[in-house]
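Work through the exercises below with the coordinates at hand. Each task is followed by a stepwise solution.

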Amino acid sequence: MSLPHAILTALLEKPSSGLELTRRFDRSIGYFWSSTHQQIYRELGKLEQAGRIRALPAEVPARGQKKEYEVLPAGREELAAWVALPEDPRPVRDPLLLRMRAAAVLGADGMGTELRRHLTLHERQLAEYREIEERNFTPAPTTDEDRLRYLVLRGGIDLETFWIGWLTRAIADLDG
């Protein structure tokens, strides 16, 4: 996935200013595709220059007023073409796994502490996802759009559940 496609998706869901967009990234898309505020603003400029988005005209012109962006037909076409492309799964690239491999060579001192820290972080993230599930998807989604959004959340829940189980076993094996 690329940042321009994430931005186009978010703007199609709701036209937004750069600030609103960065806040929405922090609350939703950022769970699975993170980006800095500077990257988002830089990409907004590129998308506008490429004719994929435009700033909506201000109701009352004012200096320093934030721009609100919407997706143009060219942006919708770009996003639709990207969605239709096949893409192979990517290998897991997690620094913790690489650090564990290095610890296998150097010694496991401190690795148990780090695994417990990661376990706590994954438990917190799972709790946050469960809150979102309860708040936004109870009762079960009824539209295709909501089902797809829920499936993304469900993927996050399942990944966190995997990591919690794996870390729990890894800690038990190291404590062994």
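The model is predicted, so local features need pLDDT of at least 70 and side-chain atom pairs pLDDT 80 or more, while totals for chains, interfaces and linings use all residues. Residues are numbered from 1 along each chain as its sequence is written, and side-chain values use heavy atoms, without hydrogens and water.

**Exercise 1.** Determine how helix α1 and helix α4 pack.

Step 1. Helices are DSSP runs of H or I of at least four residues, numbered from the N terminus. Here α1 covers residues 3-13 and α4 residues 73-84.
Step 2. Axes are lines fitted to C-alpha atoms over the stretch in contact, and angles run from 0 to 180 degrees between N-to-C directions. The axes lie 10 Å apart, at an angle of about 120 degrees.
Step 3. Contact means heavy atoms within 4.5 Å. H5, L8, T9 and L12 of α1 meet G75, R76, E78, L79 and W82 of α4.

**Exercise 2.** Classify the arrangement of helix α2 and helix α3.

Step 1. The axes of α2 (residues 18-27) and α3 (residues 37-49) come within 10 Å and cross at roughly 130 degrees.
Step 2. That makes α2 oblique to α3.
Step 3. Among the contact residues are L21 and F25 of α2 and I40 and L44 of α3.

**Exercise 3.** Describe the end of helix α5 that precedes G107.

Step 1. Helix α5 spans residues 95-106, which is 12 residues.
Step 2. G107 follows α5 and has a positive phi, near 120 degrees.

Definitions and conventions: Helices (H or I, at least four residues) and strands (E, at least two) are DSSP runs, numbered from the N terminus. The expected span of a helix is 1.5 Å times one less than its number of residues. Angles under 35 degrees count as roughly parallel, over 145 as roughly antiparallel, 65 to 115 as roughly perpendicular and the rest as oblique.
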